[in-house]
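Dear colleague,

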Amino acid sequence: MTEGLYGQIELNPPHWVLQERQLVNWGSYGGYHTFDPSTMFDGTVTLLTGQSESGKSTLVDAQVSLLYPTGAAFNKASNAGRSDRSDYSYLRGQRGIRNDNGHDEPVFLRGMTDDGEPYAVWGAIVDRYEDTTGGGTLSIAKFMTLPAGGRSEDVDKFFLVSRDPIDPRLMDDYRDDVFSVPLFKRVYRTATVYRQANLFHEDVWSWFGLTESACRLLHRMQASDAPSQLDDIFRKGVLDEPSALNRGRALISDYTQFSENFTAIERNLHRVDLLERMADKHIRYIDERKRMETLRAVDPGREGGAETRDTWLGARVHECIARVAPTYERGIAENQTKVASAQRDVDRLDAELETIREQKNGHGGDRLQRLQEQLRDAERERERMAARIERLVPQFTKAGRTVPGTASAWQALAEEAVEVRDAYDERRKEIDALAYPLQERCSAMRREAKDLQADIERKRRSRTRITKEMADARAMMAHAAGLEPEQLPFVAELMDVQGGEERWRTAMNVVYASLAPVILVDKRYEHGFARAISQIPHTSMARRNWQFVDVQQDYHGEPCEGWMSGKLTFNEESPFADWGRARVADARSDARCVTHIDDSDVRTRQVQEDGQIKDGAHGSHGTKNINQVIGFMTEGYLRELADELEQLEQEMDRTNQEIERIGARKAELEAQRDLAQAVLGLGPAMTTPADIAGAITRRVEKHLYDVQGDMDADGLEILARLRATGVACASVCMDRETYDAYAQFGTTLSADGSPIPRREPKEGLCLTDEEAALYRALYTGALPNPRVEQERIPMAQAIARL
């Protein structure tokens with residue numbers, strides 16, 4: 001039953017004690033109230049006493065609402081053993097029940113004006129606990145809001161956890177706004193904000209070392225109706241559990257062993273740390289040896305080094321060629337396919353040309369001869385253009401484009417090339433404008449990372465937080481005075497903030513900014529010290545102040561509670577520790593630590609956590625140029641420096657990636673520019689081989705139409721053969737109607753005066769039905785004159801037909 005009550009046993013567990021409870025609009029506590037219980041360890045306790053309905057249970061129920069699991073009932077010691085209370089009733093401040101015409105109606109302190117107008121209400125419960133073993137604090141809070149006229153289910157809740165104090169009064173400035181998670185994070189910057197109570201409780205219980213079962217048992221004890229129930233709960237829930245007895249015995253018997261083990265663990269951890277540092281150095285040594293051996297293989301001065309380097313370079317070149325070769329091969333294959341298609345078009349035109357040669361002895365022989373010459377010229381032009389296109393393939397491939405296949409595509413590409421050429425300078429400036437700042441930024445970060453790495457190594461070796469300039473100046477002064485650098489400490493090296501006061505580190509560096517860089521010199525070395533330092537050229541080091549201190553003298557001055565001096569710890573091994581303790585507590589140097597500067601106080605020197613300081617009528621703010629040099633070297637500080645270096649390197653990686661992306665854009669732009677220049681260099685009339693072949697075909701069609709003339713069987717066969725080659729053409733005045741109209745001008749003789757012979761007509765010719773009927777009549781002699789010459793048909797008749 002109580003298995004979940006016990007957590008991990010710790011040798012020195014935290015002991016959390018309630019220091020303060022703040023209430024805003026909770027039950028009868030209207031407005032802002034604070035409750036400060038006793039925190040003495042001399043047996044003093046805090047007793048809540050008062051008359052009935054004076055608010056004792058209301059104060060205890062605030063803890064139930066804030067800390068205990070969801071659904072836990074409020075204190076039953078009031079209200080005759082029943083609990084009608086809730087967050088809603090406490091937020092509105094229910095003070096009783098009145099009877100209104102036979103109906104019970106609750107009476108509230110808040111949420112309704114005297115005129116009966118509802119208004120929004122907000123409230124808060126804030127507890128601050130202190131760890132008496134570790135010195136830390138923890139603030140937990142619950143904020144509740146209720147809109148005007150809202151009911152119990154409309155109560156909105158927010159939960160906060162912070163190591164810094166939480167002042168609920170800050171939210172009163174936003175009482176007219178809607179409470180939200182971003183609003184709370186803006187007001188309480190170091191707090192974690194929850195919307196779900198169970199997540200909030202898990203986090204808080206983990207801090208307190210509690211479990212849900214333990215909280216419920218504690219709640220049962222606090223919410224019991226009578227003292228007799230407490231004895232029963234404790235006896236049945238704890239004492240009768242064997243596991244509780246066994247754990248108690250085990251804890252007592254194992255304490256000595258735990259203590260010895262803890263001491264042994266500390267010694268072993270120290271040894272492991274030394275071994276890990278040795279292992280890290282060994283690993284770095286091995287890595288450097290491997291790098292040296294790798295580079296030694298290509299040393300030109302070593303036997304075989306030049307051959308190894310040439311082999312490596314050859315392999316890299318081969319790898320690069322193998323990576324880009326497939327792209328070029330695909331481009332070549334695509335263009336070879338286009339060349340093959342153009343070749344087929346040429347073959348078809350050759351066949352058509354052969355057909356035309358057969359007609360040479362018929363009609364239009366001279367014009368066919370000129371057509372042959374034009375065809376040969378076109379073929380030569382096609383070959384020339386194909387060769388020029390082939391030379392452009394690599395540029396098309398580099399630009400990620402394919403060679404156009406038509407004249408219109410070439411025309412569109414030429415127009416695009418003009419746009420690329422005209423816009424290149426402007427686009428190049430835009431890319432350079434993006435690249436140059438990134439390159440400068442990357443160089444600056446590289447230098448910063450190098451300096452930070454060197455600073456980390458220096459601080460790790462010297463175990464101090466002072467800057468490199470301070471360390472160099474001290475080394476020069478120590479060398480000139482014949483002393484060791486350790487004999488000339490800076491004031492910054494004598495002190496640090498105490499554990500649990502880390503949030504005051506910035507304020508410490510501000511308060512003692514003028515004192516921290518002062519070098520302390522034992523008064524025994526005062527004679528001749530200034531003369532020795534004068535040997536250092538004044539231009540070779542930054543200006544440094546020193547102060548002679550009599551380490552044998554007794555210095556009086558103790559740190560003040562609530563002041564910066566009271567939050568410091570000192571290096572007791574240093575002979576200057578007493579002087580430093582007295583000096584920082586001096587009224588000229590010390591400052592009171594406050595949450596907010598009190599402008600009305602002109603007598604006290606004050607400082608906030610963020611370093612804002614006020615001294616009389618003077619004040620200052622900002623830490624940008626103040627070096628955080630005060631303090632001892634700790635592993636936590638080294639981890640912070642390492643994290644800063646890692647973040648800087650990650651930013652460098654992101655910047656380099658952006659530079660590479662911009663470089664890719666630049667390379668793409670240059671490839672497009674080169675392609676545009678090459679395309680524009682071809683001239684405006686650039687066409688593909690296929691377009692040239694098409695032009696030849698159209699030219700053939702045009703001339704065959706022009707040369708066709710006489711109406712006879714040979715003319716109709718020429719027309720049929722031309723159509724058989726795929727040329728779409730039509731005849732004009734090659735029909736029976738025209739023959740009948742001009743038959744009287746016909747002839748039966750050929751050009752050499754011999755009779756036109758009668759023959760058997762051919763079948764399957766590409767002629768219309770009307771043309772085929774005329775063809776058969778002319779071939780078989782069915783008509784008196786087998787030929788009507790073209791000169792006999794008036795041109796007006798042909799034009800009228802068109």
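**Notes on the sheet, the salt bridges and the surface**

Strand β14 (residues 606-607) and strand β15 (residues 613-615) run antiparallel and are joined by 2 bridges. Here a strand is a DSSP run of E with at least two residues, a helix is a DSSP run of H or I with at least four residues, and both are numbered from the N terminus; two strands pair if DSSP finds at least two bridges between them. Please keep in mind that this is a predicted model, in which local features need pLDDT of at least 70 and side-chain atom pairs count only at pLDDT 80 or more, while totals for chains, interfaces and linings use all residues. Residues are numbered from 1 along each chain as its sequence is written, and side-chain values use heavy atoms, with hydrogens and water left out.

To return to the strands, Val607 stands opposite Ile613 in β15. β14 and β15 belong to an open sheet of 4 strands, in the order β13-β14-β15-β16, with mixed pairing. At the edges of this sheet stand β13 (592-593) and β16 (618-620), each of which has a single partner strand, so one side of each is left without a neighbour in the sheet. In general, the strands of a sheet pair through backbone hydrogen bonds, and they do so either parallel or antiparallel.

Next come the salt bridges, of which a search of the whole structure finds 33; the term stands for a side-chain nitrogen of Lys or Arg within 4 Å of a carboxyl oxygen of Asp or Glu. Arg428 forms one of them with Asp432, and the closest N and O atoms are 3.2 Å apart. Because Arg428 and Asp432 are 4 residues apart in helix α10, about one helical turn separates them. Arg428 is partly exposed, with a relative accessible area of 21%, whereas Asp432 is buried at 13%; buried means under 20% relative accessible area, exposed means over 50%, and partly exposed lies in between (1.4 Å probe, protein chains only).

Helix α10 (residues 407-462) also holds Trp410, which counts as buried at 2% relative accessibility. The C-alpha atoms of Trp410 and Val679 are separated by 8.7 Å, although these residues are 269 apart along the chain.

In another salt bridge, the side chains of Asp496 and Arg505 meet at 2.9 Å, N to O, and both of these residues are buried. Arg736 and Asp740 form a salt bridge as well, with 3.1 Å between the closest N and O atoms, and both lie in helix α18 (residues 736-742). Arg736 is partly exposed at 39%, and Asp740 is partly exposed at 48%.

Finally, there are surface patches to look at. Val324, Tyr328 and Ile332 form a nonpolar one, with about 230 Å² of accessible area together. Patches are made of residues with over 30% relative accessible area and no salt bridge, where like charges are joined within 9 Å and nonpolar side chains (Val, Leu, Ile, Met, Phe, Trp, Tyr) within 5 Å; accessible areas come from the Shrake-Rupley method with a 1.4 Å probe. Ile332 has its place in helix α8 (residues 305-358), and at 34% relative accessibility Ile332 counts as partly exposed.
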